[in-house]
Every structure is written in C-alpha cells, then in structure tokens.
Amino acid sequence: MDNLGELLHGFSIAITLPHLALMVIGVLLGILVGVLPGLGAPNGVSLLLPLTFGMQPVSAIILLSSMYWGALFGGSVTSILFNIPGEPSSVATTFDGYPMARDGRPTTALATAFGSAAFGALIGVILITFLASWVAQVALAFGPAEYFAVYFLAFASFVGMGGAAPIKTIVALAIGFAIAAIGIDTVSGSVRLTMGVDELVKGVNFVVAVMGLFGIGELLVAVEEEFHARAVSSKIEWREVFRAIGRLPRHSVALLRSAAIGCWMGITPGGPTAASFMSYGIARRFSRRGRYFGTGEVEGIISPETADHAAGTSALLPMLSLGIPGSATAAVMMGGLMIWGLNPGPMLFVDQKDFVWGLIASMYVGNIVAVALVLLTVPVFAALMRIPFVIIAPLIVIICVVGAYSVSNSYLDVVMMLGFGIVGYLFKKLFYPLAPLVLAIVIGDKAEDAFRQSMLMSKGSLGIFFANKLVTCLIVAGIALLLLPLVLQLPRLWRKPASAATETTAQETAREKVTI
Amino acid sequence: MISRRALELATAVLTGSFGLTVVVSSLDNGIGWSSAGVEAGTFPFLTGIIIVLGSLYNLVRGVVPAATLASVPIAITSIELRRLAGLFVPAAIFVAAIPLAGMYVASALYIFAVLAIPRRQSVPRALGMAAATALALYVVFERMFQVSLPHGALAAAFGF
C-alpha cells in the first residue's frame with residue numbers, strides 16, 4: 001500500500017493552483033493541436049518543449065502530459081464532427097463516430113467517445129499507479145545486457161505487432177538508429193556519420209525530426225485531398241451527454257476488452273494508432289451487432305476510443321520505469337526528461353519521487369480536466385475548423401520552421417526539418433510506420449550503449465544475452481515477435497504456391513535480420 | 001501522375017542509398033572488436049546493412065506486382081501533385097529566403113505570397129495577416145521567451 005501513500009503525496013503536488021492552471025493551458029493547447037490537421041501530439045509537445053526549460057521538471061511534465069491528453073481528445077472531435085481525423089490514432093473513430101453524428105446524434109457520439117476515452121485513460125493510469133513502481137524495482141537490478149534485451153523486445157514488438165509491413169518497420173527502425181548514431185559517439189568519443197558536415201557533430205535532434213516527419217509530412221498528406229469541412233451541428237445538449245455516459249456500463253464487455261488491448265499495446269510499444277485499429281477490428285468480429293459496424297454503432301465508437309486512450313496513457317509506464325517510451329509522443333516527452341536533467345528509468349522512482357508521483361496524480365486530474373474542457377469547447381474548436389486550410393497550412397509551416405530553428409538556433413536544422421517532411425510524406429503515403437523511427441532516434445544511443453557495455457562485460461561473447469533466465473526470456477520473446485509476421489505468412493504461402501518465389505526471399509531477408 | 005510502384009521504388013532507392021552512405025561512412029570509425037570493446041562504427045554499420053537489405057526487399061516487392069500494389073495503381077494524381085507542389089514549393093522558397101531576409105520578413109512575405117498571389121484573399125487582408133504573423137512571432141519569441149530568431153543578412157546590412 002506504499003503506492004497509495006505516494007499517490008496521495010502526488011495529489012498534494014498536482015492539485016495546486018499553478019499546476020491546475022498548467023493543466024488547463026496544456027489541455028487547451030492539446031485540443032488545438034489535436035483538432036488542427038497537420039499538427040499532432042508529437043510535434044505539439046516538441047513545440048512546447050523549449051518553453052519548459054526554465055520550469056520545474058514536475059510542472060513541465062504536467063504541462064506536456066496534459067497537452068497529450070488534450071490532443072488525444074481533440075483528435076476525436078474532428079473525427080466525429082467532420083470525418084477528418086485530427087490525429088492518426090483517431091482514424092478508427094471516424095468509422096462509426098461520423099455516421100452517428102451525421103444521423104443527427106452528434107452529442108451522443110461525442111459523449112460516448114469522451115466517456116469511453118476517459119474510462120480507457122483511467123484504466124491506464126490505475127495500471128501505472130500499481131505496476132510502475134514494481135516494474136522499476138525489478139529494473140533496478142538490470143545490468144546492460146538486461147537493458148539491451150528490453151530495448152530489443154520493444155523494437156521487436158513494433159515489428160511483430162505494429163500492424164505495418166514488417167520489413168518497412170525494420171527499415172524505419174534502422175534509419176532511426178543510424179540517425180541517432182550521427183555525431184559524437186558517447187563511448188569512444190569519436191565523430192560518426194557526419195559525412196563531412198561539421199554542424200552534424202552535435203547530432204540530429206529528435207525535435208527536428210518530429211517537426212518534419214509529423215508536421216510537414218502530415219500537412220502534405222492533408223493538402224492532397226482538399227477537404228471541405230462539412231460539419232454536422234456542433235451544439236452540445238447537456239442532458240444527452242449524461243444520458244449517453246449513463247448508457248456506457250451496458251457495454252462493459254467492450255469497454256474492458258478495449259482497455260485491455262489498449263494497455264497491452266501501450267506498454268509493449270505498439271502505440272495508440274495500432275491499438276485503436278486492433279480494438280475496432282476485434283469488436284467488429286465479436287460484437288453481436290458486428291455487421292452494423294460502420295453505420296454509427298455505439299460499440300464502434302467505444303472500442304477504438306477506449307483503446308486509443310488506454311494505450312496513450314499506459315505508454316508512459318515503460319517510459320517512467322524502464323526509460324523506453326511506448327509511443328511517439330512518449331518518446332518526445334522522454335527526450336524532454338533528458339533535457340531537464342532527469343534520467344528516465346527505474347532510478348526516477350528512487351531519486352525523483354515528487355516528479356513521478358506528481359505526474360501520476362496529475363494524470364488522474366488532467367484527464368478529468370480534459371473531459372470537462374473538451375465538452376465545453378467543442379463549439380469553439382468546431383468553428384476553428386471552418387477557417388480555410390489554405391490559411392492554416394502556411395501558419396503551420398511557419399510554426400514548424402520556427403520550432404526546428406529554436407531547438408539549437410541552427411539554420412541547418414530548418415533545412416533538415418524540411419527534408420524530414422518529404423521523408424514523412426513518402427513514409428505515410430507508403431505505410432512505413434513513423435513511431436518506431438522516432439523511438440529509435442530518441443533511444444537508439446542508449447540501446448547501442450547497453451549493447452556495447454554488455455559486450456565489454458562478456459569480452460565480446462553474445463552468450464551474455466543468454467546468461468540468466470530473465471535475459472534469455474526477454475531475448476527469446478523478442479525473437480518470437482520478430483518472427484511472428486513470418487509465421488502468420490506461412491499458411492498463406494502453403495495455399496498459394498504460385499507466389500512462393502517472392503515469399504522465400506521474404507523469409508531469407510527476415511532471417512538475416514534476426515541473425516544480425 | 002505517379003504510380004504507387006514508382007513511389008515505392010523511389011522510396012526504396014532513397015532509404016537504400018541512405019543505408020549505403022551509413023555503411024560506407026561507418027567504415028571510417030572501424031568495425032568489429034578492438035581492445036577497447038566494440039568499435040564505434042560497428043553498430044551504425046549493422047544498421048546500415050539492415051537498411052540496405054530491407055530497402056532491397058522493398059524494391060523487389062515494388063517491382064513484382066503483388067496483390068497489395070495492384071489494388072492501388074495510382075498513388076498521386078496530377079491534381080494532387082499540383083496541390084502538393086502548391087504547398088511545398090512556397091515553403092521551400094520561404095526556408096531558402098530565411099538567411100537573407102530573416103525569419104520575420106521571410107514569414108511575412110511567405111504568408112502574403114500564398115494568400116494574395118492565387119487570389120485566395122484580397123490584397124489588404126493578406127497584407128494584414130502577413131503583418132500580424134510577423135508581429136506575433138516577434139512578440140512571442142523575441143519578447144516573451146527571449147529566443148532570438150534569425151534577423152537575416154539584409155537586416156544586418158541595414159544595421160539591425
């Protein structure tokens with residue numbers, strides 16, 4: 001019951017006037033970036049990052065995490081009212097949310113979405129409250145080999161469960177690693193991969209990559225289809241809000257199942273986007289009214305929303321207790337932690353109790369604040385969507401340019417940001433996943449250090465990764481996840497011998513990945 | 001019009017050549033095992049190899065007509081391409097103009113150009129928005145957060 005005592009202490013930190021004000025600001029900014037296409041939680045949080053350098057770490061993380069909650073909610077607003085997902089993770093909400101709103105029940109759709117989202121977030125936070133310090137305690141005993149094994153498992157789970165084409169995921173991950181390696185090597189001190197550009201010695205900052213990949217890239221995808229905001233009425237009938245939320249317990253099976261999927265996908269980095277799609281797919285298969293999905297079914301809104309928020313929240317668990325972020329936004333926040341001088345990982349629970357429990361307590365409060373604010377401000381933000389995209393787009397470009405520049409006052413960063421924008425567009429267009437790329441940029445260095453340290457300990461023998469039960473389990477689980485897509489392909493291969501030629505090359509390449 | 005296949009190929013070539021650069025330049029740092037442990041180039045070298053192999057696989061996947069590719073033959077239509085260029089080209093010119101004109105002047109010109117030249121907004125309104133953008137940037141960054149944005153070579157020549 002230590003945890004509850006710590007949590008109460010955390011509440012005494014989170015519920016102070018300045019922190020409540022930060023939550024309100026964070027949530028409002030979050031809804032704003034969530035609503036605007038082209039700006040999302042990852043680049044919203046990284047835009048805010050330079051402004052937090054003067055703050056106390058706990059205040060800074062409350063601001064950033066509140067922004068994250070706001071963005072998760074804001075993405076659902078546009079999905080339901082305009083059929084435009086403001087965030088990639090709320091795409092699945094459009095399937096049933098928009099049809100329901102179009103049929104004249106926008107309040108029901110919004111209230112159902114927010115209610116189930118809050119439930120998902122709550123389950124995620126409860127999980128963090130009870131599990132995070134335990135995981136951290138276990139992780140305190142970790143050596144470099146165990147750490148590398150955990151990193152390996154995290155990367156492998158992107159390949160096995162991320163939902164994108166496995167080889168594309170691997171390429172995205174490897175590119176992230178290579179980008180992380182640019183600059184001065186922390187172990188030997190030598191300069192790597194600068195290709196003769198002196199300015200690259202300081203490395204490529206992840207904020208620059210996030211601005212380009214998510215900001216410019218998403219903008220380019222959005223500009224392609226000239227969308228007209230055919231809004232349905234955005235007026236909120238308060239009585240219907242409570243009625244819709246009151247009806248939620250009837251769908252408790254869907255709620256619990258989606259929350260479980262969300263938590264799982266958040267902790268093993270699959271990310272909120274994959275979680276919401278997976279949850280929607282499973283709900284459609286198992287619901288008695290599965291064939292009505294897509295026409296405005298309640299469970300079609302509940303499932304993706306609950307999973308989305310459960311995943312978004314629980315993505316902070318591995319970030320806090322292991323130093324491995326569970327989503328792109330969590331990766332950006334972790335970058336922030338390192339800039340504020342904190343060392344993400346189990347030591348946080350020993351050295352920075354105020355920070356950890358203040359953050360966890362703020363998640364409870366922040367989500368309540370977010371639900372209240374998002375309901376109150378739906379009409380305001382819906383009006384924002386009526387501003388023509390041609391005006392918003394150049395403003396977002398300027399925000400990204402200034403954001404990239406202000407990281408380290410370097411013009412090269414701005415040019416690189418634009419380059420990342422093109423890469424982000426191509427990757428989005430061709431379904432290369434972006435989250436693993438960002439994750440690898442942020443923690444690539446640490447994974448490499450862990451690998452090299454364990455090699456030093458074992459004098460170059462890979463046997464250290466099978467030296468004890470824990471590390472063996474982690475490595476084997478990672479390899480199993482890497483091979484999962486391949487195993488799923490096998491039955492199809494057997495049925496279609498005609499395409500066998502291409503499949504065997506797939507197998508070979510995949511096996512090479514594992515042996516390397 | 002750009003086909004899905006062409007786009008897949010271009011991206012695979014792009015990632016592959018990045019991987020190749022990584023492989024070649026990590027060789028300078030030395031790969032393998034030395035008295036000081038794993039040498040600095042080893043890890044980048046391996047990631048480079050993975051990138052190259054993965055890109056080759058994606059390249060082959062792009063050439064061989066598979067079911068997934070056949071269903072979406074066209075990735076970008078000519079109208080979409082024009083819209084993309086309409087956003088990206090001005091943005092690139094804006095970025096290129098920053099060292100000379102400075103962030104404030106460049107962003108004001110950028111906003112004015114994209115709003116007034118295609119006649120999306122009347123000239124006075126576009127002028128107003130351009131001025132407001134530059135002013136907002138100045139107030140937020142230079143004043144509130146004390147972050148100095150580049151003033152540009154032109155401003156320097158005039159003694160700012």
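What share of the contacts in chain B between residues at least 6 apart in sequence join residues at least 24 apart? In this predicted model, the share is 60%. Chain B is built from six helices and four strands, and along the sequence these elements follow the pattern β-α-β-β-α-α-β-α-α-α. The radius of gyration of chain B is 24 Å, whereas the globule rule gives 15 Å for 160 residues; the chain is therefore more spread out than a compact globule. The C-alpha trace of chain B spans about 60 × 50 × 25 Å along its principal axes. Of the 160 residues in chain B, 35% count as buried.

Chain B also touches chain A. The interface brings 53 residues of chain A into contact with 57 residues of chain B. On the chain A side, the elements that give two or more residues are helix 8 (166–181), helix 9 (206–224), helix 18 (389–408), helix 19 (411–429), helix 20 (435–458) and helix 22 (500–515). Helix 18 of chain A gives the most, with 11 residues. Sorted by class, the side of chain A that touches chain B has 36 nonpolar, seven polar and 10 charged residues.

Helix 8 of chain A, one of the elements on that side, also packs within its own chain. Its axis and that of helix 7 (residues 144–161) of chain A come within 8 Å and cross at roughly 145°. Helix 7 of chain A makes the contact through A:F155, A:F158 and A:V159, and helix 8 of chain A through A:P166, A:T169, A:I170 and A:L173. By class, the residues of this contact are six nonpolar, one polar and no charged. The spacing of such residues can be read against helix geometry. An α-helix has 3.6 residues a turn, so residues three or four places apart point the same way.

The C-alpha atoms of A:L173 and A:L434 are 8.8 Å apart in space, while the two residues are 261 residues apart in sequence. A:L434 is placed in the loop between helix 19 and helix 20 of chain A, and both of these helices are among the elements that give two or more residues to the side touching chain B. Is A:L434 buried or exposed? A:L434 counts as buried because 25 C-beta neighbours lie inside 10 Å, and the cut-off for that class is 20 or more. Leaving out residues up to four places away in sequence, A:L434 touches A:L213, A:F214, A:A328, A:G424 and A:F427.

Another helix pair in chain A is formed by helix 6 (residues 106–140) and helix 13, which pack at an angle of about 35° with their axes 7 Å apart. Their crossing is right-handed. The residues of this contact comprise 14 nonpolar, eight polar and two charged. Helix 13 of chain A is mostly covered, as 17 of its 17 residues are buried. Its length can be checked as well: at 1.5 Å a residue, the 17 residues of helix 13 (residues 298–314) should span 24 Å, and the end C-alpha atoms are 24 Å apart, so the two agree.

A:M67 is 35 residues from A:L32 along the chain, and their C-alpha atoms are separated by 9.3 Å.

Note on methods:
Residues numbered from 1 in each chain as written. Chains lettered and ligands numbered in written order. Predicted model: local features only at pLDDT ≥ 70, side-chain atom pairs only at ≥ 80, totals over all residues. Contact = placed C-beta atoms within 7 Å. Nonpolar A, V, L, I, M, F, W, Y, C, P; charged D, E, K, R; others polar. Expected span 1.5 Å × (residues − 1). Buried ≥ 20, exposed ≤ 12 C-beta atoms within 10 Å, placed from the backbone. Rg over C-alpha atoms; globule rule 2.2 N^0.38 Å. Axes fitted to C-alpha atoms, helices over the stretch in contact; angles between N-to-C directions. Left-handed = near helix turned anticlockwise from the far one by under 90°.
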